[in-house]
Amino acid sequence: MSELSFENVSVRFGTGRRALTAVDGVDLTVPSGSVVGLVGESGSGKSSLARAAVGLHPVSGGRILVDGAPLGRDGRVGGRRPLQMVFQDPYSSLDPRMTIGASIAETLPRDAVRGSAARRDEVARLLGLVDVGAERAHMYPGQLSGGQRQRVALARALAGRPDVVIADEITSALDVSIQGTVLNLVRDLQRRLRLSMLFITHDLAVVRYVSDHIAVMYLGRIVEFGPAEQVLRDPRHPYTRELLAAARPGGSAAGPTGASALPAVVADAEPADPHHPPTGCRFHPRCPVGPLVHADRTVCRERDPAAAGHPHRTACHFVTVPPAPPHDPVCHGLAEPPAAATATG
Ligand SMILES: Nc1ncnc2c1ncn2[C@@H]1O[C@H](COP(=O)(O)OP(=O)(O)OP(=O)(O)O)[C@@H](O)[C@H]1O
Ligand code: SF4
Ligand SMILES: [Mg+2]
């Protein structure tokens, strides 16, 4: 059990006019032994954050720490990798030319499991842990079903004896009928092994099922973080509310007639260009309670409502329920006249 922390982490791609900051000053903690579900629309930076943590993307600013120890550029600390990642596509971690037993054995720490018999036994134990028969160790990934491949990818990650597991959309490529069993397995393993996990998904039903906490990402920033049931029951950021509305049966932030419940000026807004993120609050050109709808909310265009320091934190100038304590810098709206601090959405 270990704590993973991102401190003001940025990930930038490219240079000059084509430069893009995929992750911009993210502060996020995965508390020891818990699951943080990271959600957000496509392109919000979820995978970039995860890949930076395991050393697959360079971190251009900030620090990533495991139990307070900063990770090196290659994702290692003290010669070992405390984080292991499971990808959407199992072939990202399983070499199709290697047997699954060899793939798992490759990740076993050399100093902890010595000798070929011990390594074989450990591979068998890990395969058992993910409900794949040890007799399949000699098979190749292409001979397994998608669900079995993903189980093997999980076993391979566990073989590295990680302090924290990062799972990036691990069920989204699977048939719906298999997704449930893989999720059950992940939840069961997480509890049995008391793993700390960063669980990335765009599926709110999935995040509801596995997460203790939820972090919501929009255009490179965390806009809301809190206990899972609170965020789902009482979403405070307008973007989180939009995500939840879109996930309801019938989809999209639409009213009972099927017409968009969003004001036309918001519904017609262009998606933000990540190369040129909006000033102030990045969500302001799409926000149903922001300056497009309330002309006096100019602060949304001007000042960045960075989220910080509160168990259920929200990066919005006009977050209302419950009011943030006076010392909490989350809500600049408290510094505004009381009328301005009343959200209508
Ligand atoms: N290697 C790369 N080079 C340049 N830009 C990249 C690279 N990887 C990601 N990006 C860009 O960074 C932004 C964030 O992408 P990322 O893949 O992290 O989003 P995501 O939230 O994981 O999306 P999805 O839900 O589709 O997986 C996007 O604008 C994407 O085009
Ligand atoms: S800060 Fe303003 S634009 Fe941003 S989410 Fe809050 S109300 Fe909307
Ligand atoms: Mg992704």
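This is a predicted model: local features need pLDDT of at least 70, side-chain atom pairs count only at pLDDT 80 or more; totals for chains, interfaces and linings use all residues.
At what angle do the axes of helix 2 and helix 3 cross?

Residues are numbered from 1 along each chain as its sequence is written, and chains are lettered from A and ligands numbered from 1 in the order in which they are written.

Now the answer. Helix 2 (residues 100-107) and helix 3 (residues 116-129) have axes that cross at roughly 105 degrees and come within 10 Å. Helices here are DSSP runs of H or I with at least four residues, strands are runs of E with at least two, and both are numbered from the N terminus. Axes are lines fitted to C-alpha atoms, for helices over the stretch in contact, and angles run from 0 to 180 degrees between N-to-C directions. Helix 2 and helix 3 are therefore roughly perpendicular to each other. On the wording: under 35 degrees counts as roughly parallel, over 145 as roughly antiparallel, 65 to 115 as roughly perpendicular, and the rest as oblique. On the helix 2 side the contact is made by Gly101, Ile104 and Ala105, and on the helix 3 side by Arg119, Val123 and Leu126. Contact means that the C-beta atoms of two residues, placed from the backbone, lie within 7 Å. By class, the residues of this contact of helix 2 with helix 3 are four nonpolar, one polar and one charged. Ala, Val, Leu, Ile, Met, Phe, Trp, Tyr, Cys and Pro count as nonpolar, Asp, Glu, Lys and Arg as charged, and the others, Gly among them, as polar.

Next, helix 3 and helix 4. Their axes come within 9 Å and cross at roughly 130 degrees. That makes helix 3 oblique to helix 4. Leu126, Leu127 and Leu129 of helix 3 meet Ala155, Leu158 and Ala159 of helix 4. The residues of that contact divide into six nonpolar, no polar and no charged.

Helix 4 (residues 146-159) also packs with helix 5 (residues 176-193), at an angle of about 20 degrees and with the axes 10 Å apart. Helix 4 and helix 5 are therefore roughly parallel. Here Gly146, Gly147, Gln150 and Arg151 of helix 4 meet Ile178, Thr181, Val182 and Leu185 of helix 5. By class, the contact of helix 4 with helix 5 has three nonpolar, four polar and one charged residues.

One open sheet has four strands in the order 2-1-4-5, with antiparallel pairing. Strand 2 (20-30) and strand 5 (69-70) are at the edges with a single partner strand each, so one side of each has no neighbour in the sheet. Two strands pair if DSSP finds at least two bridges between them. Strand 1 and strand 2 are joined by seven bridges and run antiparallel, and Val11 stands opposite Val23 in strand 2. The hairpin of these two strands has six residues between them, and Gly14 takes a positive phi near 70 degrees. Strand 4 (residues 61-66) is joined to strand 5 by two bridges, with Leu65 and Pro70 as bridge partners. Helix 1 (residues 46-53) lies across strand 1 (4-13), strand 2 and strand 4, at about 110 degrees to strand 1.

What is the strand order in the open sheet of seven strands? The order is 6-7-8-3-9-10-11, with mixed pairing. Its edges are strand 6 (83-86) and strand 11 (313-314), each with a single partner strand, so one side of each is left without a neighbour in the sheet. Strand 7 (residues 164-168) and strand 8 (residues 196-200) pair in the parallel sense over five bridges, and Val165 has Met197 as its bridge partner.

Last, the ligands. Ligand 1 has 13 residues around it, of which Phe13, Ala22, Ser42, Ser47 and Ser48 come nearest. Around a ligand, a residue counts if its C-beta atom, placed from the backbone, lies within 6 Å. Helix 1 gives the most to the shell around ligand 1, with three residues. That shell has four nonpolar, eight polar and one charged residues. Ligand 2 has 14 residues around it, and Cys281, Cys287, Gly290, Cys300 and Cys316 come nearest. The shell around ligand 2 has nine nonpolar, four polar and one charged residues.
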